[in-house]
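User: Hi! I am new to reading protein structures. Could you walk me through this one, feature by feature?

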Amino acid sequence: MDEIAPGVFVATAEKYTTTTTVVAGADGGCLLIDPAVTVADLAELAGWLSERGLRPVAGWSTHPHWDHLLWSAAFGEVPRYATPRAVAVVARELPGLVSGVRESAPGHDLSLFARVEPLLDREIDWAGPRAVVYAHNAHAPGHGAVLLPDAGVLIAGDMLSDLEIPLLDLDEADPFGGYREGLELLAAVPGVRLVVPGHGHVGDHAEFRRRVAADRGYLDATEADADPADPRLAEDWLRAEHARHRERRPRR
Ligand SMILES: [Zn+2]
């Protein structure tokens, strides 16, 4: 667990290099963002929280993919939020999401899985540092990044990774256009000193700018049917995703 800014902690799970973010608030309360990913990871996180005297008072799921909707009884029964569109997707796609957990991270208490309610405001209402949501539809519908303006930390969900190419939502009518809209929304977020991707490593401001440029470059090259020469295309599954993106590039 790394304290990347005062009161902001990031744990990185071995599986998929998945990050979990903890934001400390008033009176030992904390905001828990995307706790992940295995049963053992969540148990370890719960142990760390109690050692630190922290107890979740609210949760946030950045987007409706199974590895961002997990929870453990040890975190307590607290309001867990996502964007309204993400909550609608969860309701529609729950069986598939549950299958994802069963196949890839078995053993979770499924009665606690994906129990998110829609956040109707732009900010998460909790007794702690301001947490402002930036909602868009890149990667997944109703994706909600969270900016902690005081600390300058952007919790980006599955965007702006140093390990993963942009992963497009191919169920969307215009996957490239939708991704670009979300990417540009995040690129324009003010005051980002640190970026936390859902999978990968925390980056500073310069790294945030570099990742935005790398993601734009990937999209430009792929849309133009050119070789993106992206060093993140290092693993088979990412090359497979890239091949699927190429199939769906807009034909002009
Ligand atoms: Zn995802």
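Predicted model: local features only at pLDDT ≥ 70, side-chain atom pairs only at ≥ 80, totals over all residues.

Analyst: Happy to! Residues are numbered from 1 along each chain as its sequence is written, and side-chain values use heavy atoms, with hydrogens and water left out.

User: Which residue forms a salt bridge with D215?

Analyst: The general idea first: side chains of opposite charge can pair when their charged atoms come close. The rule used here asks for a side-chain nitrogen of Lys or Arg within 4 Å of a carboxyl oxygen of Asp or Glu. D215 pairs with R232, and their closest N and O atoms are 2.7 Å apart. D215 lies in helix α4 and R232 in the loop between α4 and α5 (236-247), so the pair ties together parts that are 17 residues apart in sequence. R232 is buried too, with 8% relative accessibility. As for the names, helices (H or I, at least four residues) and strands (E, at least two) are DSSP runs, numbered from the N terminus.

User: How many salt bridges does this rule give?

Analyst: The count is 14. One of them joins R249 to D225, at 3.2 Å from N to O. R249 lies in the segment after α5 and D225 in the loop between α4 and α5, so this pair links parts 24 residues apart in sequence. R249 is buried at 16% relative accessibility, whereas D225 is partly exposed at 36%.

User: Where do R210 and E207 lie?

Analyst: Both are in helix α4 (residues 205-223), 3 residues apart, which is about one turn of the helix. R210 is partly exposed, with 43% relative accessibility, and E207 is buried, with 18%. Salt bridges can also link up: R180, D220 and E223 form a network of them.

User: Now the metal, please. Which residues are the protein donors of the zinc ion?

Analyst: Donors are N, O and S atoms within 2.8 Å of the metal (3.2 Å for Na, K and Ca); water is not among the atoms, so sites may look incomplete. In this model the zinc ion has H63 (NE2), H65 (ND1), H139 (NE2) and D158 (OD) as protein donors, lying 2.2 Å from it. Along the chain they follow the spacing H-x1-H-x73-H-x18-D. H139 sits in the loop between β8 (132-136) and β9 (143-148), and D158 in the loop between β10 (153-157) and α3 (175-187), so this pair ties together parts 19 residues apart in sequence. H139 is buried, with a relative accessible area of 8%; D158 is buried as well, at 8%.

User: And what about the nonpolar parts?

Analyst: In soluble globular proteins, nonpolar side chains tend to be buried together. A nonpolar core is a set of buried Ala, Val, Leu, Ile, Met, Phe, Trp, Tyr and Cys residues joined through side-chain atoms within 4.5 Å. The largest one here has 31 residues, and V22, L49, W66, L70, F75 and F113 have the most contacts inside it. β4 (29-33), α1 (39-52) and α2 (84-104) each supply at least two of its residues, with α2 giving the most, 6 residues. Apart from this core lies another, of 27 residues, including L154 and V192.

Terms used
Buried < 20%, exposed > 50% of the residue type's maximum accessible area, 1.4 Å probe, protein only.
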